[in-house]
Amino acid sequence: MTDFLQLLLGDSLTRLVFFPVLACLPLLLIRRQETVKRYTLAVALVELALVLRGVGGRLVAGAAFEPWRDLAANGSPIAWIPRFGIRYELMMDGISLPLVVLTALLLPIIVLGSWRGIDRQWRGYAASCLLLTSGILGAFLAVDLFLFYVFFELMLVPMYLMIGIWGGQRRVYAAIKFFIFTMAGSLLMLLAILWLAWSHSLVAGSWSFSYDLLSRLDFPISQQLLLFAAFGLAFAIKVPLVPLHTWLPDAHVEAPTGGSVVLAGVLLKLGTYGFLRFAMPLFPHAASAAQPLLITLALIGILYGALVAWVQSDMKKLVAYSSVAHLGFVVLGLFAFDQMAWEGALIQMVNHGLSTGALFLLVGMIYDRRHTKEFDQFGGLAKVMPWFATMLVISALASVGLPGLNGFVGEFLILAGSYRAGLALPVIAATLGVVLAAIYLLKLLARTLWGPLDRAENRELSDLSLREILTLAPLVLLMFAIGVAPERFLAPSREALTVTLAEFQERRDEPAPVALRLRDSAPLERPDEERLLLARRGGR
Amino acid sequence: MSDAYVIARGDLAALLPELVLVGGGVLLLLVDAFAPRSRRWLTPLAVTAAAGALAALTAASGAPDGLHFGGLIESSGLSLAASAVVLVAALLAIFASDGYLRRERLAGGEYHALLLWCAAGLLLMLRARELLTLFLALELLSICLYSLAGYHRRLAIATEAALKYFLMGAFVSAFVLYGIALVWGETGHTDLDGIADALAAGAGHPWLVTLGMLLLVAGFAFKMSLVPFHAWAPDAYQGAPSPFVAFLSVAPKAASAVVLIRLLGALAGSAESAKWSSLVALLAVLSMVGGNLMALVQRDIKRMLAYSGIAHMGYLLIPLAGIDQATGEPVLVYLLAYALMNAGAFAIVGMLYSSPGEQHLISDLAGWGLRRPLLAGCLTLCMLSLGGIPPTLGFLGKYLVFVHAIRHGHLWLAVIGVVASLVGVFYYLRVVYTLYMLPEVRTPGEAPPDGWGRLAAVVAAAGSLLLGIWPGALLDWLQQTARVLRS
């Protein structure tokens with residue numbers, strides 16, 4: 001408790017996670033809606049500044065990002081429920097770094113993007129946004145599986161409220177579907193987590209949920225498959241992989257703009273992040289056994305998502321289904337088990353957050369003006385809304401993967417890396433998905449921006465306001481930045497990915513044990529540094 | 001036996017919590033009868049009595065475990081912790097009753113007195129090591145409960161509830177008494193230790209002993225409203241005063257669960273113990289699945305909570321299916337969570353619906369999240385805790401239960417529990433979305449200021465949340481105290 005408070009007051013991950021939720025409390029006292037908006041924006045900007053300062057101070061140019069841990073005053077991990085070896089253990093490394101920054105970046109953007117779209121109960125909306133951000137940051141940073149599970153579930157409630165209270169026509173249905181689907185997956189994951197902790201108690205004598213300690217467990221292949229299935233189901237629902245994706249179009253379409261942006265921008269990444277952080281390193285043999293299945297599902301997602309997006313008549317649905325396709329690329333990259341593909345997958349998680357976030361914002365902006373998202377209602381908007389048209393073109397092209405913009409970097413690395421890893425056929429199929437993406441996104445542009453301006457209502461439309469341009473500007477600038485200078489964004493994560501991959505491959509290439517056992521490596525004082533050293537010596 | 005037992009001073013000291021409760025009840029009656037002007041002090045008086053009993057318990061917590069009245073009554077960590085749960089539920093019910101009694105113009109003295117005597121009966125039941133003492137405690141409890149269930153005598157539905165509960169309760173008493181008779185006849189003992197030894201030695205006709213124990217278990221399964229002994233609960237809850245249901249749906253179940261632990265603990269040494277475990281597991285599965293499925297289709301929130309309570313008792317049975325020294329911890333944490341969230345939910349329901357004679361339709365709550373923000377917020381927290389969403393105490397309870405199941409190789413029980421709780425999430429969420437996401441259909445009734453009631457709501461909700469976030473001290477204490485079996 002004292003350790004927690006000390007961390008909260010100092011420069012720590014704890015502060016990053018809990019600042020938004022604690023900032024909810026003054027909302028109880030603020031009555032005026034305008035004040036609530038400004039306050040929330042201020043909180044969001046402070047949070048972003050805290051994240052950037054914390055990260056920036058630890059990011060040495062050209063070098064790896066040293067893992068950043070929250071430790072007690074005496075340098076040991078903080079116990080939360082000591083009876084079960086549950087720790088309050090937060091860690092930021094190169095894998096969680098980009099996702100944390102993305103989460104913090106999107107918070108002020110969704111506040112700004114909801115400025116006009118949300119017209120009632122701003123206090124509740126602001127509280128939901130802030131609580132959601134805390135939950136997501138916690139889930140990205142937790143390296144104790146119990147803590148991870150708590151954060152993973154915690155963010156369901158604010159997201160549920162966001163969809164259900166401020167959403168569209170079928171909001172209640174969509175909100176419940178979202179909640180139940182996610183919960184269904186995560187409850188089985190909870191059992192798997194308990195099993196892991198119990199197994200640890202069997203071989204090591206004490207319960208533990210800490211990733212560092214649990215990763216020393218070697219399970220026989222039969223148990224690995226079950227455990228991987230439980231974790232994988234939870235993450236596959238979150239990603240989502242076809243055929244578990246049906247909650248996503250409903251949730252996206254009904255959610256308010258801000259909700260869609262968070263959902264697409266970061267929430268889905270928890271699925272792919274979960275595979276990379278937990279499911280694959282903990283169960284390497286099962287992960288490689290499941291590789292064909294998951295790559296098949298990823299390809300089905302890429303092609304099916306693209307085809308379904310193509311036939312949509314609703315802009316938001318089109319963007320929603322494009323998420324299914326894009327996340328398919330990420331999963332393909334992850335299950336290639338290749339350094340280049342992993343780097344591509346990680347940067348693609350960020351890219352998708354930027355481009356899909358921008359697309360959802362743009363759809364929301366046009367919806368605020370016309371209260372419809374149907375293609376039929378539009379056409380020729382480029383003539384009356386040049387700023388809108390510019391932003392939409394850039395975001396759509398980034399999403400397609402035009403060289404010079406961010407999407408290209410991710411897709412290229414994923415495809416090249418997967419090809420290098422011997423997945424020639426999947427790569428060819430996925431390339432077809434890139435073509436399809438171009439088709440449906442160009443359709444989006446053609447049907448809204450170009451063609452005759454034949455509807456009277458559309459002639460009166462006002463272009464983007466300064467606030468709206470400011471909302472989109474950081475996203476668009478980052479699309480260019482990542483597209484032009486990708487190395488700057490890839491470098492901080494490289495070391496962490498290399499180490500994780502090296503360890504994964506080493507464990508995978510050993511035969512799986514016949515019975516549960518503890519890996520022979522001695523318990524390490526500072527596991528990360530040791531692992532880094534090992535990888536530097538042997539890996540490359 | 002010619003030599004009479006002399007009651008030692010220590011025996012009476014050990015009974016202090018019960019004496020405080022009974023004395024408090026008597027005092028309430030006297031105040032009500034002879035000082036009618038002091039009626040507004042009835043609630044504070046009742047609160048003082050319950051809190052006094054809680055304090056007496058805490059004072060006793062330092063004393064070593066021991067037997068009193070020649071082994072009829074025990075003081076142990078298990079009974080102590082469970083008594084605390086019962087008193088928490090009683091306090092919540094007393095808080096919530098104040099506004100209800102004033103609104104419905106029901107006299108308060110007898111109500112609170114009966115409630116305190118119920119609590120006294122339960123505390124005694126929790127400590128009984130001998131079957132006839134257990135039976136006496138059960139009767140003290142039950143008779144007070146019957147009267148309370150029909151306390152709102154102007155309402156036909158309340159009378160119906162009381163009658164149904166009474167008929168079922170009479171069966172329970174008969175079952176338990178017959179069970180005691182059979183067990184005594186075959187083993188020659190009415191004290192649990194003696195029975196355990198006799199069973200371990202294989203005394204008595206196996207069929208008759210089994211039948212006796214089955215009757216006992218069935219009796220307490222009735223009280224816990226486990227499927228298939230559950231049919232009375234929804235009707236009784238629907239008709240009885242909501243603040244009283246906050247007590248009825250929690251405290252007797254908690255005490256019965258502990259009695260079941262004792263009975264199963266006595267059976268643990270017998271040759272048939274594996275079969276008893278399977279039986280408990282079967283009851284757990286039936287209750288979890290049946291309770292949740294039936295709750296799913298309810299439109300009345302009190303009936304829904306009744307069925308959800310049935311399901312919760314199913315989860316609670318999971319640790320009883322593998323009885324060992326560690327059974328107490330998950331059971332007690334789950335009971336405490338259940339006491340806070342379920343009593344809290346019923347207390348809030350009693351405040352939100354202002355006409356107790358009507359149905360309490362969930363759909364009537366539509367839009368009240370903004371009308372009554374505090375109560376709705378607390379109800380939401382209780383629902384999330386009931387649904388087992390982290391970081392609430394309800395989640396921690398489920399976590400501990402599943403841990404116990406996995407440790408005993410009952411993974412399948414945990415899987416069924418998980419799937420059933422997913423169904424549960426669905427109907428708990430329905431309350432949340434009705435509160436916040438649907439347009440208002442009915443304006444809530446006039447709410448007179450009800451400080452005690454708000455206190456109940458806040459204590460229940462805050463307790464569910466904060467104990468879920470900082471459970472360390474609670475768990476440590478329970479692990480040290482709550483030993484289930486004789487060492």
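1. The contact between the two chains draws on 37 residues of chain B and 33 residues of chain A, contact meaning heavy atoms within 4.5 Å. The model is a predicted one: local features need pLDDT of at least 70, side-chain atom pairs count only at pLDDT 80 or more, and totals for chains, interfaces and linings use all residues. Residues are numbered from 1 along each chain as its sequence is written, chains are lettered from A and ligands numbered from 1 in the order in which they are written, and side-chain values use heavy atoms, with hydrogens and water left out.

2. On area, about 3,200 Å² is buried between chain B and chain A. Carbon and sulfur atoms give 82% of that. Buried area here is the accessible area (1.4 Å probe) that two parts lose on being put together, summed over both. In chain B, the residues that lose the most area to chain A are B:Y399, B:I406 and B:M437. Together they account for 21% of what that side buries.

3. Polar links across the interface come next. The rule finds four residue pairs in polar contact between chain B and chain A, both residues at pLDDT 80 or more. A polar contact is a pair of N or O atoms within 3.5 Å; within protein, one must be able to donate a hydrogen and the other to accept it, and residues adjacent in sequence count only if both atoms are side-chain atoms. The salt bridge count between the chains is one. It pairs the side chains of A:R83 and B:E329, at 2.1 Å, N to O. The cut-off for a salt bridge is a side-chain nitrogen of Lys or Arg within 4 Å of a carboxyl oxygen of Asp or Glu.

4. Which helices build the side of chain B that touches chain A? Helix 18 (393-407), helix 19 (411-437), helix 20 (451-469) and helix 21 (472-481) of chain B each supply at least two residues. Helix 19 of chain B gives the largest share, 13 residues. By type, that side of chain B divides into 29 nonpolar, five polar and three charged residues. Nonpolar covers Ala, Val, Leu, Ile, Met, Phe, Trp, Tyr, Cys and Pro; charged covers Asp, Glu, Lys and Arg; the others, Gly among them, are polar. Helices (H or I, at least four residues) and strands (E, at least two) are DSSP runs, numbered from the N terminus.

5. Helix 6 (residues 145-154) of chain A is mostly covered, with 10 of its 10 residues buried. Buried means under 20% relative accessible area, exposed over 50%, partly exposed in between (1.4 Å probe, protein chains only). At the start of this helix, a side-chain oxygen of A:D144 reaches to within 3.0 Å of the backbone nitrogen of A:F146. A:V150 sits in helix 6 of chain A. A:V150 counts as buried because its relative accessibility is 5%. Leaving aside neighbours within four places in sequence, A:V150 is in contact with A:W80 and, from the other chain, B:P390, B:P391 and B:F395.

6. Salt bridges over all chains number 35. A:R69 and A:D212 form one of them, with closest N and O atoms 2.9 Å apart. That pair links distant parts of the chain, strand 1 (residues 68-69) and helix 9 (residues 211-214) of chain A, 143 residues apart. A:R69 is buried, at 17% relative accessible area, and A:D212 is buried at 13%. A:R69, A:R87, A:E89 and A:D212 are linked in a network of salt bridges.

7. A:D250 and A:K177 also meet in a salt bridge, 2.9 Å from N to O. A:D250 lies in helix 11 (residues 247-254) and A:K177 in helix 8 (residues 171-204) of chain A, 73 residues apart. Both are buried.

8. In chain B, B:S97 lies in helix 4 (residues 77-103). B:S97 counts as buried because its relative accessibility is 0%. The side chain of B:S97 reaches the backbone oxygen of B:A93 at 2.6 Å.

9. On confidence, the predictor gives the complex an ipTM of 0.90 and a pTM of 0.92. Mean pLDDT (the predictor's confidence in each residue, from 0 to 100) is 88 for chain A and 89 for chain B. Helix 25 (residues 527-539) has the lowest mean pLDDT among the elements of chain A, 48. Residues 522-527 of chain A stay under 50, with three contacts beyond four places in sequence.
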